[in-house]
Amino acid sequence: MSELRQDPTTREWVIIAPERASRPQQEPKTQHAKELPDWDASCPFCLGNESQTPAEVFRIPASSEDSTWDVRVVPNRFPALTPEEDMTRREEGRFARKMGGFGEHEVIIESPSHNTSMALMTYQQVEKVLTTYQQRYNTLKANPQFRFITIFKNYGWASGTSLIHPHSQLVATPIITPYYHRRFDVAHDYHADMGECLYCELLAEELEKKERIVAETEGFVVFHPYASRMPYETWIIPKEHSASFGLFPNSRFPELATVLKDILFCLYVKLDNPAFNIIIDTSTTVDEDDPYYHWHIRITPRLTTIAGFEIGSGIYISLALPENTAKFMRECCYSLAKEGDICLMPPV
């Protein structure tokens, strides 16, 4: 039987229809990292090909030599937005408003290795990527014209990526999208009504029920949200309230790197290396100290295609109950931890 579930953080409705997973369809093609070379002469992100990218704006050098690097950040060669554009708003009639494509679009090259996905990186390398995310976020937020900064990762062709080499992106914009306005408004209204953070309350309830919890560490909880928009949608949320990723203590990054890498490794092993998107959900740059929002990481495996109904209605259809997918992931974490492949151990 299918269900309509409402997302408490957006008030949007989602259809959970597990029976649709039985529809006949061709198996998706996946490509494991081991099938790729460690270095590609044509890849602009590979070590030694630095001249193929714009001048870097940040790097974490390799521990052995300053001339090599572990993480690089460069402006996107084909940016969606650029800092040279005029951000003055102009009206062309009553219903046509526009402004120049002002903003910043950067690429975070996560590793010199062409074929080492985040699921297969060392914990230390993932920590360096997280450190880079925060460093670039805090650098760009110093520009008061940037209202919102989106950090995201596309992995696999179905996710929207155009290059195989492991990388993430960052886009700083002078506007806040209606989607995030809705998330912030819902969180703000809840705080005004209840005097508490919606996400802290949601986290407490998930921990009490336990049925959608995947894993729990000292500082983080991994769970599948009640109204998951896609099968195996996974949230990693800090227990400590913090609205902004930029203000989160980087002393917690080693623990966060372990959680993130191990969850991605479970997906890699058990779901046959699926395409996915990672989003850092965080506050606006001007409301970093607000009491109502709570930053978190959202992972959405791309096991299904967004089709006509989703586009036409705005309602997502998920083919799996989050209670079942969370149970599967708990068992995955437990088995891989027992085998010594990961450090993350799910709750008993």
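**Exercise 1.** Work out how β1 is joined to strand β2 (residues 13–16), and find how many bridges do it.

*Solution.* Start with the pair itself: 4 bridges join β1 to β2, and the two run antiparallel. Strands here are DSSP runs of E with at least two residues, numbered from the N terminus, as are helices (H or I, at least four residues). Two strands pair if DSSP finds at least two bridges between them. Now zoom in: E3 stands opposite I16 in β2.

A quick word on the model: it's a predicted one, where local features need pLDDT of at least 70, side-chain atom pairs count only at pLDDT 80 or more, and totals for chains, interfaces and linings use all residues. Residues are numbered from 1 along each chain as its sequence is written, and side-chain values use heavy atoms, with hydrogens and water left out.

**Exercise 2.** Describe the lining of the second largest pocket.

*Solution.* A pocket is an open set of points on a 1 Å grid over the protein atoms alone, where a 1.4 Å probe fits, with protein on both sides within 12 Å along at least five of seven lines; lining residues have an atom within 4 Å of a point. Count first: 21 residues line this pocket, with T150, Y180, R229, I279 and R298 nearest its centre. Then pick the top contributor: β8 gives the most, with 4 residues.
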